[in-house]
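Colleague: I have a model open and want to learn how to read it. Can we go feature by feature?

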Amino acid sequence: MENQNTKSEKDFTVTALLCFFFGVLGVHRFYVGKTGTGIIQLITFGGLGIWAFIDFIMILVGNFKDAEGKLVKN
């Protein structure tokens with residue numbers, strides 16, 4: 001749990017843009033290392049867009065985490 005407050009090495013802007021343009025394909029999740037959920041998003045088209053939209057909001061407010069549990073934030 002010590003990684004919870006540390007900042008991810010993944011770029012905030014890149015993650016947000018990938019989610020905005022390719023969120024329904026789960027590209028942003030592949031970028032941050034979440035391959036399993038990225039595949040699920042790819043198959044379900046981002047939970048018909050709902051899951052991708054929620055991820056986008058989470059990224060913008062700074063609560064989205066990478067595969068190591070670090071926050072992807074500015």
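Colleague: Where does Asp 55 lie?

Modeller: Asp 55 lies in helix 4. Helices here are DSSP runs of H or I with at least four residues, strands are runs of E with at least two, and both are numbered from the N terminus. A word on the source: this is a predicted model, where local features need pLDDT of at least 70, side-chain atom pairs count only at pLDDT 80 or more, and totals for chains, interfaces and linings use all residues. Residues are numbered from 1 along each chain as its sequence is written, and side-chain values use heavy atoms, with hydrogens and water left out.

Colleague: Is Asp 55 buried or exposed?

Modeller: Buried means under 20% relative accessible area, exposed means over 50%, and partly exposed is in between, using a 1.4 Å probe and protein chains only. Asp 55 has a relative accessible area of 4%, so Asp 55 is buried.

Colleague: Which side chain makes a polar contact with Asp 55?

Modeller: A polar contact is a pair of N or O atoms within 3.5 Å. Within protein, one atom must be able to donate a hydrogen and the other to accept it, and residues adjacent in sequence count only if both atoms are side-chain atoms. For Asp 55 the partner is Gln 41, with a polar contact of 3.1 Å between the side chains.

Colleague: What else is Asp 55 in contact with?

Modeller: Contact means heavy atoms within 4.5 Å. Leave aside neighbours within four places in sequence, and the contacts of Asp 55 are Cys 19, His 28, Arg 29, Gln 41 and Phe 64.

Colleague: Now widen the view. Which residues of helix 4 are buried?

Modeller: Ala 52, Asp 55, Phe 56 and Ile 59 are buried in helix 4. They cover an arc of only 105 degrees around the axis, which puts them on the same side of helix 4. The arc is that of the directions from the helix axis to the C-beta atoms. These buried residues pack against helix 1, helix 2 and helix 3 (35-48). The face turned away from the buried side carries the exposed residues Ile 50, Phe 53 and Val 61.

Colleague: How do I check the span of helix 4?

Modeller: Take 1.5 Å times one less than the number of residues as the expected span. The 12 residues of helix 4 should span 16 Å, and the end C-alpha atoms are 17 Å apart, which agrees. Just after helix 4, Gly 62 takes a positive phi of about 85 degrees.

Colleague: Which residues of helix 1 are buried?

Modeller: In helix 1 (residues 12-22), the buried residues are Phe 12, Thr 15, Ala 16, Leu 18 and Cys 19. They cover an arc of only 165 degrees around the axis, so they sit on the same side of helix 1. Their cover includes helix 2 (27-31) and helix 4 (50-61). Phe 20 and Phe 21 are exposed, on the face turned away from the buried side. At the start of helix 1, a side-chain oxygen of Asp 11 comes to within 3.1 Å of the backbone nitrogen of Thr 13.

Colleague: What about the segment before helix 1?

Modeller: Ser 8 lies there. Ser 8 is buried, with a relative accessible area of 6%. The side chains of Ser 8 and Asp 66 are joined by a polar contact of 2.7 Å.

Colleague: What is the phi of Leu 48?

Modeller: Phi of Leu 48 is near 55 degrees, a positive value in a residue other than glycine. Leu 48 lies in helix 3. With a relative accessible area of 73%, Leu 48 is exposed.

Colleague: Finally, how many helices and strands does the chain have?

Modeller: Four helices and zero strands. Buried residues make up 32% of the 74 residues.
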